[in-house]
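Here's a quick walk through the charged pairs and the domain contact in this one. Have the viewer open as you read.

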Amino acid sequence: MSFVEYSDLIQDGDVAIIYLSHNNVMPVKVQQGAQTQTRYGVIRHSTDLIGQRYGSKVTCSKGWFHVLHPTPELWTVALPHRTQILYTTDIAFITMMLELRPGSIVCESGTGSGSLSHAILRTIAPTGHLHTVEFHQQRAEKVAEEFKEHRVDHLVTVRNQDVCKDGFGVTGVADAVFLDIPSPWDAVGHAKVAMKKHGGRLCSFSPCIEQVQKTCEALQDQGFEDISTTEVLLREYDVRTVSLPLPDFGPDPESTEEATPAAPPNHASISLKTTTLPREMPGHTGYLTFATKPRT
Amino acid sequence: MADNGDDDNQYRIKEGDYVVLKRGEIFKAVQIQPRKKVIFEKQWIFLDNAVGQLYSTTFEILSGGNLKPHELKDTASPLDAVEAGTDNRNIVDDGKSQKLTRDDIEALKEKGLKGQDIIKKLVDNHATFGDKTEYSQVKYIKKKKKKYENTVMILKPSCRILAMMYHGREPGKICHLRYDTLAQMLTLANIHAGSKVLVFETCAGLVLGSIMERMGGYGSVIQMYPGGGPVRAGVENFGFPAHFHDTLHEFPICHVNALLAGTLDTSAKDPTAEEQGSPEEESMVTNTGDDAGQDVEKTEKDKLKEAKVVFHTRLVCLIISLFFTCRLVIASRFHPCPVLLGLLKFLSPSRPFVVYSQYIEPLIECFKKLKECGGTVNLRLTDTWLRHYQVLPDRTHPLLLMSGGGGYLLSGTTVATDHSKPAGSKQAEEPAPKRQKLEDTEG
């Protein structure tokens with residue numbers, strides 16, 4: 001198992017994803033002899049997990065669930081939050097707009113809880129590299145630990161420093177830079193330095209429009225081109241069958257023999273498969289500002 | 001800047017390259033061919049002078065259609081030394097503010113005046129330009145630039161650029177798949193190097209090409225195709241290196257049922273023809289229908305004429321690997337339900353799949369069917385909302401027009417099918433009633 005390569009069987013030391021339900025997903029560190037408590041009972045790693053296929057069903061005393069192979073998308077939903085994270089919708093858009101692909105060299109700050117980091121690593125493997133900067137020491141240590149557990153540490157370098165003061169720690173190597181920090185305009189200059197001479201792509205994620213304005217100004221001053229700001233939101237549809245009652249207007253006085261031979265009996269309702277939308281949906285995560293660094 | 005020789009070589013435009021022409025928000029994919037006329041934004045261009053230049057260079061289009069690298073001169077902005085007004089209360093829109101007529105402007109263009117200079121002339125001959133507010137003046141210049149600037153940028157193709165191009169130019173060819181929806185598909189399907197992806201698409205090859213870009217030449221892509229042969233025009237536009245095409249395979253859907261039933265004829269016969277470009281895969285014809293003088297390069301028409309496709313033993317390996325596919329991506333004009341149900345059988349457990357449809361109803365059906373059959377979890381029916389912003393000091397706001405829709409996605413993960421319990425009886429769907437105990441006994 002690794003986050004950048006599928007395997008079929010669960011092994012000791014893997015991180016597996018327990019899928020209990022739509023909104024109930026939890027990571028489990030698989031270990032010989034260990035046990036995990038869930039609302040459906042106890043999972044005994046040695047018998048229930050190790051040696052089983054990913055995707056199999058595990059039955060416990062009070063119910064059952066499936067064990068899934070970890071992916072960055074499942075990790076995003078399951079990971080323990082240390083900071084506010086980026087969700088798959090934004091991550092997917094960022095990945096495409098930064099033109100990430102195997103072999104890309106990427107600089108990222110702040111690492112935070114590592115949600116985006118895992119997705120980047122998956123995309124740039126096996127020949128790319130991620131340089132990620134986190135100014136909070138404990139978070140930097142925790143995320144480095146996770147990269148190791150998830151068998152992706154060979155693809156990433158974590159630096160515990162302030163990107164606005166000290167930059168990314170590399171020069172002229174990055175194809176893409178991602179910023180998710182309070183003052184991205186202070187890091188634009190450092191981003192430019194970290195990027196390759198012949199150019200690259202940059203993205204800055206900011207919840208507030210004032211931050212976006214300042215960042216766009218800084219990008220313009222530093223000679224970036226194609227500056228554009230976008231917002232992406234996910235709408236999720238709930239599929240269900242609904243039953244709509246039909247009105248009873250009384251017997252039809254006009255009915256003649258011409259009435260359809262297979263005249264339908266008076267149905268009380270019509271059933272249809274449709275979608276409903278949630279009462280509330282995420283209305284804002286952050287503004288995504290993209291730009292291209294030209295050749296310098 | 002001094003050239004770095006080899007280092008720069010990969011960033012230089014070469015003859016035969018597939019590139020994308022760009023002006024503002026307009027893109028067009030073309031191939032660099034000598035002395036070939038290309039039409040872009042109502043202008044004829046010859047791309048010969050682009051060869052040897054660096055990608056992302058902006059070129060001026062000279063009269064005659066030849067290109068010349070655009071030099072950014074430090075010319076005074078047309079706004080220098082122009083006063084501005086405070087508001088538009090006294091500006092009357094009588095259509096008489098501009099002294100230059102259409103003919104005058106055409107004459108200037110013919111004289112070979114550069115875009116910047118034409119704009120300066122327009123500003124000079126504008127009766128009320130000085131009364132406009134500063135913001136209004138900037139907006140005016142921007143609008144004229146769009147109209148009169150005679151430049152084109154040549155870009156290296158990428159999924160991002162091509163997806164935006166297709167969506168802007170020919171959405172019908174790609175089932176109206178908006179580029180952010182494509183982005184979601186690539187991520188939800190966990191496409192990465194080393195994947196084994198099963199693709200069924202009728203999006204001119206855009207989806208296929210995007211998947212290949214994200215795989216970087218590692219892994220394999222099996223394109224299931226309807227009809228006589230796979231459509232891949234869009235893949236060419238990506239300009240992949242030759243070895244990428246080694247990862248691309250195809251399989252006709254008319255043989256899917258036979259394959260699943262185990263009745264597919266895979267015996268090798270004597271080779272009578274060899275396909276150009278894939279020397280390791282020979283395709284042979286058993287049906288002696290019309291094979292007099294087989295061409296080395298089969299055209300689409302020939303393929304359609306062939307009565308039966310016969311498989312070489314090498315393809316047996318392909319077929320076997322088909323059954324352990326890691327990802328399934330569907331984006332077509334076909335009804336997604338039967339396509340999905342048919343192709344899901346090839347996916348291993350705990351693997352992602354994504355289905356795109358321009359319309360939501362067919363995906364509702366898929367959703368219901370999958371829930372009935374079991375074998376999948378984490379089913380989600382979604383679409384995305386995309387909005388662009390204008391960000392300028394004191395003038396920041398969303399753009400006035402936004403995309404009305406970008407299609408719908410159904411995504412999920414396969415699980416091992418369980419035959420003991422009737423599908424549909426799940427108690428795991430309710431939200432957690434109370435605080436959930438999570439105790440790992442290890443540190």
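## Salt bridges, a domain contact and a threonine

A:Asp8 counts as partly exposed, with a relative accessibility of 40%. Keep in mind that this is a predicted model, so every value here is computed from predicted coordinates. Which residue does the side chain of A:Asp8 meet in a salt bridge? That would be B:Arg351, at 3.1 Å from N to O. The pair crosses between chains: on one end, B:Arg351 sits in the loop between α12 (336-343) and β12 (352-357) of chain B, and on the other, A:Asp8 belongs to the segment before β1 (15-21) of chain A. Is B:Arg351 buried or exposed? At 3% relative accessibility, B:Arg351 counts as buried, because the cut-off for buried is under 20%.

Salt bridges with shared partners link A:Asp8, A:Arg53 and B:Arg351 into one network.

Over all chains, the structure holds 23 salt bridges. Here are some of them side by side.

| Salt bridge | N to O distance |
|---|---|
| B:Arg351 and A:Asp8 | 3.1 Å |
| A:Lys196 and A:Asp175 | 2.8 Å |
| B:Asp8 and B:Arg12 | 4.0 Å |

Take the pair within chain A next. A:Lys196 and A:Asp175 form a salt bridge, and their closest N and O atoms are 2.8 Å apart. A:Lys196 is in the loop between α7 (188-194) and β11 (200-206) of chain A, while A:Asp175 is in the loop between α6 (163-166) and β10 (176-179), so the bridge ties together parts that are 21 residues apart in sequence. As for accessibility, A:Lys196 comes out at 19% and counts as buried, whereas A:Asp175, at 24%, counts as partly exposed.

Chain B has a pair of its own in the table. The side chains of B:Asp8 and B:Arg12 meet at 4.0 Å, N to O. That still counts as a salt bridge because the rule asks for a side-chain nitrogen within 4 Å of a carboxyl oxygen. B:Asp8 has 1% relative accessibility and counts as buried, and B:Arg12, at 16%, counts as buried as well.

Now for the domains of chain B. The assignment gives domain 1 (12-72) and domain 2 (168-255 + 319-414). Taken over C-alpha atoms, the centres of domain 1 and domain 2 of chain B are 31 Å apart. How many residues of domain 1 are in contact with domain 2? Five, and they meet four residues of domain 2. About 430 Å² is buried between domain 1 and domain 2 of chain B, with carbon and sulfur atoms giving 49% of that area. Strand β2 (residues 26-31) of chain B supplies the largest share of the domain 1 side, at four residues. By type, that side of domain 1 divides into four nonpolar residues, no polar ones and one charged. Between these two domains the salt bridge count is zero, but two residue pairs are in polar contact across the interface.

One last stop: A:Thr88, found in helix α3 (residues 88-97) of chain A. A:Thr88 counts as buried at 15% relative accessibility. Leaving out residues up to four places away in sequence, A:Thr88 touches A:Glu73 and A:Thr76, along with B:Gln184, B:Thr187 and B:Leu188.

Conventions:
Residues numbered from 1 in each chain as written. Chains lettered and ligands numbered in written order. Predicted model: local features only at pLDDT ≥ 70, side-chain atom pairs only at ≥ 80, totals over all residues. Heavy atoms only, no water. Domains from an automatic or database assignment. Contact = heavy atoms within 4.5 Å. Buried area = accessible area lost by both parts, 1.4 Å probe. Polar contact = N/O pair within 3.5 Å; in protein donor to acceptor, adjacent residues only side chain to side chain. Helix = DSSP H or I, 4+ residues; strand = E, 2+ residues; numbered from the N terminus. Nonpolar A, V, L, I, M, F, W, Y, C, P; charged D, E, K, R; others polar. Buried < 20%, exposed > 50% of the residue type's maximum accessible area, 1.4 Å probe, protein only.
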